[in-house]
Amino acid sequence: MYDNTLRSIADQLAPERTVKCRLRPLCPRFDAECGAIRRNCRRLERRYRRTHDPVHKDAYVTASRNKHDTFDQKKKSYWSEHVQTDGSSPMKLWRSPTALLQQDKQIADVITPTCNDADDFLCCLYEKVKAVRASTEGQQLPTSTTSPADVSLSTLSLCSEEEVRRLIMQSPAKSCARDLIPTFLLKEMVNVLLPYLTAMINTSLREGRLQSSHKHAVVTPLIKTTGLDAKELKNYRPVSNLTFASKLVETVVSLRLVSHLNAHSMMPQLQSAYRRHHSTETALLKVLSDVYAAIDCQHVILLVLLDLSAAFDCVDYDILLRRLYLKFGICGTALEWMSSFLIGRSQQVYYKERLSVKLQLLFGVPQVSVLGPLLFLLYTAELFDVITECGCTGHSYADDTSLHQHISH
């Protein structure tokens, strides 16, 4: 109903038509003062080209120099304020030099292969997951040494309109190709759509079921590192784009799941990814602290770095659901919702303005989603039990794990 209603309104107010235009988005530092200076400079340029008067030429040159000086000052002030504002968030802080050096533009410019299409990328993703799972087929799972959880989360508490409004307004104004209306427009019309969105989310939580339209992802292949061969399919990583409504439901569920895990100290203590107050810095400090402590005792350190191939795409649903039930006490309607979130997912690859065929997923969680990374952390939580049994110490950031052991001379 939500999709059909919004689509019919959009078709009435803005029917689909083909247009040709050149999109030139303005810089965020381009304000009204910059616009006035540029208009004045163009006016003086037109007057000089019309009259060829030396006086008019001097006025145009002076205005042009003033324009460049003002734009440079605006640029310096913008980036200085940006760095100071984002100083408390390393993730946001590193985006500033990336945007300033236009590294993101360089990556976009190299994605111009002509020998591949959307179906090729989809086939490559499928074959990679198939190969990884085939390499571990028949391996016996280690016996869990942890006792079953003595607490449970059987239901997901319903949300209020105030909570949904806050989550909508705090969300970034990004849109997916499958969104019926852009996110910025949804925020502007939040008072109209809020009652229905709240009812839709609460119905999903109450029934333990996620709508099928919220489980379809459009995957965009992005090259991993600048300089890699753009014609090689293995040099790309898949980025899943989900609808804003699906991310909104996932956010509500994630808040309730994280609250349950934190209240009972169930989050993996040696995992630094996708958690509040945990980052690559905390992971690095933990490993270096262990290494320095061993060196102070004059011990020899052995460090092993592990990386899982196609980690998020190879998550086994049966193992994950069983682990959620036994280790983290997720049961009842809450477990039914998790099962509905995992089972029945599908994806298509969008490349060269074309969509591939639809692929039904039997494994994996979407990495670029709200709930997927959290479920991956819970899926790999028992890895630390295995590491401890082997007499080693470990620490992880997402799917990257470091093992270290120290012995005396």
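Okay, let's start with a cysteine: Cys124 comes out partly exposed, at 24% relative accessibility, where partly exposed sits between buried, under 20% relative accessible area, and exposed, over 50% (1.4 Å probe, protein chains only). Its sulfur is 7.5 Å from the closest cysteine sulfur, the one in Cys123, and that's too far for a bond. Cys34, by contrast, is buried at 2%. Across the structure there are zero disulfides, counting a disulfide as two cysteine sulfurs within 2.5 Å.

Quick word on the source. This is a predicted model, so local features need pLDDT of at least 70 and side-chain atom pairs count only at pLDDT 80 or more, while totals for chains, interfaces and linings use all residues. Numbering runs from 1 along each chain as its sequence is written, and side-chain values use heavy atoms, with hydrogens and water left out.

On confidence, the chain averages a pLDDT (the predictor's per-residue confidence, 0 to 100) of 86, and 93% of residues score at least 70. Residues 106-114 fall below 50, and that stretch has 15 contacts beyond near neighbours in sequence, a contact being heavy atoms within 4.5 Å.

Now the inside. The largest nonpolar core has 53 residues; that means buried Ala, Val, Leu, Ile, Met, Phe, Trp, Tyr and Cys joined through side-chain atoms within 4.5 Å. Leu257, Leu324, Trp337 and Met338 have the most contacts inside it. Looking past neighbours within four places in sequence, Trp337 touches, among others, Leu156, Leu205, Val249, Val253 and Leu371. There's also a second, separate core of ten residues, including Val219, Ile223, Ala230 and Val349.
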